[in-house]
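Thanks for coming. I have one model to go through today, and I will keep to what can be computed from its atoms.

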Amino acid sequence: MNRTMSLTLGLWLMLAGLAGSTDALAGSKVNVKVQVVHATKSHKKVDSRLGRVSKHLKRLGYTGFQLLESEQAELTAKGKKKSFAIAGGRRLSVAVLSKDSERVRLRVQVQGKKGKLVDTTVSIKRNGFFVVAGPKHKGGILVLPISARY
């Protein structure tokens, strides 16, 4: 085999290896967990089920936090969105936009009776979480801690 063919074959194998690892990563699933938390200033109770998320919630300027719901879904990269019914007659939708070995980008939407209340894209570190402050709810707000594991 001559030098040009060797270099060409080596480059092709390297690119094929990169493409293969990207495709394998793109085809894998992301386990998304969404918590729906009622944040209020009317009390100082913090729901123990919130665990490690509770210290981050306190930075929002509220004193009380109650976990209302917790939903999980396995989503494929660039797959269909998953919707959940949440407090106040609202719908929450989550979809994977992209991901790599370090981060996943999710589109998060909250739909109310009168239209979209939240429509945002978040970038979450692998096996990390992000907190989205949502709409008003019963004298406080809904807060949506979203975790992504893959």
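First, the ground rules. This is a predicted model, so local features are taken only at pLDDT of at least 70 and side-chain atom pairs only at pLDDT 80 or more, while totals for chains, interfaces and linings use all residues. Residues are numbered from 1 along each chain as its sequence is written, and side-chain values use heavy atoms, with hydrogens and water left out.

The protein chain has two helices and eight strands. Read from the N terminus, the order is α-β-α-β-β-β-β-β-β-β.

Of the 150 residues, 38% count as buried. Buried is under 20% relative accessible area, exposed is over 50%, and partly exposed lies in between, with a 1.4 Å probe and protein chains only. The accessible surface of the chain is about 9100 Å², and carbon and sulfur atoms hold 52% of that. Those areas come from the Shrake-Rupley method with a 1.4 Å probe, and for residues only the protein chains shown count as cover. As for contacts, meaning heavy atoms within 4.5 Å, take those between residues at least 6 apart in sequence: 46% of them join residues at least 24 apart.

Now the cores. A nonpolar core is a set of buried Ala, Val, Leu, Ile, Met, Phe, Trp, Tyr and Cys residues joined through side-chain atoms within 4.5 Å. The largest has 25 residues, and V32, L92, V104, L106 and I146 have the most contacts inside it. Elements giving two or more residues to this core include strand 1 (29–40), strand 4 (90–99), strand 5 (103–112) and strand 8. A second, separate core has 10 residues, among them V37, L57, L67 and V143. In general, nonpolar side chains tend to be buried together in soluble globular proteins.

Strand 8 (residues 140–149) also holds S147. Is S147 buried or exposed? S147 counts as buried because its relative accessibility is 15%. Beyond four places in sequence, its contacts are N31, V32, K33, G128 and F129.

Next, T63, which sits in the loop between helix 2 (54–57) and strand 2 (64–76). At 31% relative accessibility, T63 is partly exposed. Leaving out residues up to four places away, T63 touches T40, K41, H43, K44, K45 and V46. A polar atom of the T63 side chain lies 2.6 Å from the backbone oxygen of H43. T63 and K45 are 18 residues apart along the chain, with C-alpha atoms separated by 7.3 Å.

Last, backbone angles. Most residues other than glycine have a negative phi. Which way does N127 go, positive or negative? N127 has a positive phi of about 65°, and lies in the loop between strand 6 and strand 7 (128–137). K138, in the loop between strand 7 and strand 8, also has a positive phi, near 45°. N127 is partly exposed at 31% relative accessible area, whereas K138 is exposed at 71%.

Conventions:
Helix = DSSP H or I, 4+ residues; strand = E, 2+ residues; numbered from the N terminus. Polar contact = N/O pair within 3.5 Å; in protein donor to acceptor, adjacent residues only side chain to side chain.
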